[in-house]
Amino acid sequence: MLIILLLLIVLIFVLVRVIGHGGKSSDKDKKSADSAASGENRGIIFIDPGHGGMDSGSDDDNERYEKDDTLKLGLAVRDHLQALGFKVAMSRTEDEMVDRTERGEMANKAGAQFFVSIHRNKADGGGQGVEGFIPKEDDAESRLLGENIMHFLGKAGFEERTIRAGTLVSSAEDYEENAAAEMPSVLIEVGFLSSADDNYLFDNNLDKNAKAIADAINYTFMTLYEPEAAAEYEQMMAQTEAACEQIMKSTNDALSGASAAFDGTEEGTDSGGADPQA
Ligand SMILES: [Zn+2]
């Protein structure tokens with residue numbers, strides 16, 4: 001019985017790996033490799049790691065600074081976007097000071113389709129999760145971009161808060177980056193520096209979070225500019241979810257069958273004097 005259970009566990013691991021990685025990622029990796037090889041340029045995405053240089057942003061009261069987290073995550077997002085066939089422009093790739101308005105203007109000059117500014121939050125009372133700020137006009141494309149990024153980060157483990165138009169204090173004002181950028185834009189706050197849980201999610205899933213942001217940007221790009229690819233992507237996601245549900249169901253059925261058989265065996269050996277505790 002133990003052997004059957006072990007076999008089942010191994011089978012589950014193999015299936016989960018095939019569904020989670022082999023199935024879709026290898027196709028995607030192949031496509032990405034093809035994209036890179038052919039020099040395909042699906043579009044230009046501007047990634048802005050918030051703060052930098054003398055402007056260290058928020059901190060966790062223990063010499064952990066927002067500017068370092070945003071750069072780390074921003075560089076990882078860039079790598080994932082490039083693997084998806086995008087060109088990526090950045091406001092900074094090292095620890096330097098860049099004016100906030102200039103960041104939006106850099107994106108205009110680069111001819112970017114999207115502007116994504118990466119930040120981390122802080123609150124006295126703790127606070128937890130992802131939230132974002134889009135231009136005060138609350139345009140549909142910026143909102144879609146912001147909500148997709150928040151939702152994908154939610155699937156990566158973060159609590160989802162809200163996407164707001166304007167700034168934290170006023171819906172009639174804009175953050176400088178959003179005011180300057182002429183394309184759909186969002187400032188995304190990837191968890192709170194003041195939350196140990198969020199810092200854990202940030203540090204331990206850095207690549208997963210970067211992939212979530214890149215996938216959300218990719219999905220938004222497909223929705224707006226490549227509708228056929230978006231439909232295919234949605235179909236693939238639905239199939240993956242259905243396959244996972246099927247595996248869970250089969251596993252549960254097999255396990256309850258095995259445990260019923262095990263109960264049966266135990267009853268049969270009752271009079272044999274075997275110690276069930278042994
Ligand atoms: Zn910030």
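**Figure 1. Glu63 in the loop between strand 1 and helix 2****.** In this predicted model, Glu63 belongs to the loop that links strand 1 to helix 2. Its phi is near 60°, a positive value in a residue other than glycine. Glu63 is exposed, because 8 other C-beta atoms lie within 10 Å and the cut-off for an exposed residue is 12 or fewer.

**Figure 2. His51 in the loop between strand 1 (44-49) and helix 2 (66-83)****.** His51 is not a glycine, yet it has a positive phi of about 65°. The residue is located in the loop between strand 1 and helix 2. His51 counts as buried because it has 26 C-beta neighbours inside 10 Å, and a buried residue requires 20 or more.

**Figure 3. The β-α-β unit formed by strand 4, helix 4 and strand 5****.** Strand 4, helix 4 (residues 140-155) and strand 5 form a β-α-β unit that is right-handed. Strand 4 (residues 130-134) and strand 5 (residues 160-165) run parallel and are joined by four bridges. Ile134 has Ala165 in strand 5 as its bridge partner.

**Figure 4. The chain as the setting of the close-up views.** Eight helices and six strands are present in the chain. Along the sequence, these elements follow the pattern α-β-α-β-α-β-β-α-β-α-β-α-α-α. The chain comprises 278 residues, of which 33% count as buried. Of the contacts in the chain between residues at least 6 apart in sequence, 77% join residues at least 24 apart.

Key:
Residues are numbered from 1 along each chain as its sequence is written. This is a predicted model: local features need pLDDT of at least 70, side-chain atom pairs count only at pLDDT 80 or more; totals for chains, interfaces and linings use all residues. Two strands pair if DSSP finds at least two bridges between them. Helices (H or I, at least four residues) and strands (E, at least two) are DSSP runs, numbered from the N terminus. A crossover is right-handed if, with the strands pointing away from the viewer, the path from the first strand over the helix to the second runs clockwise. Two residues are in contact if their C-beta atoms, placed from the backbone, lie within 7 Å.
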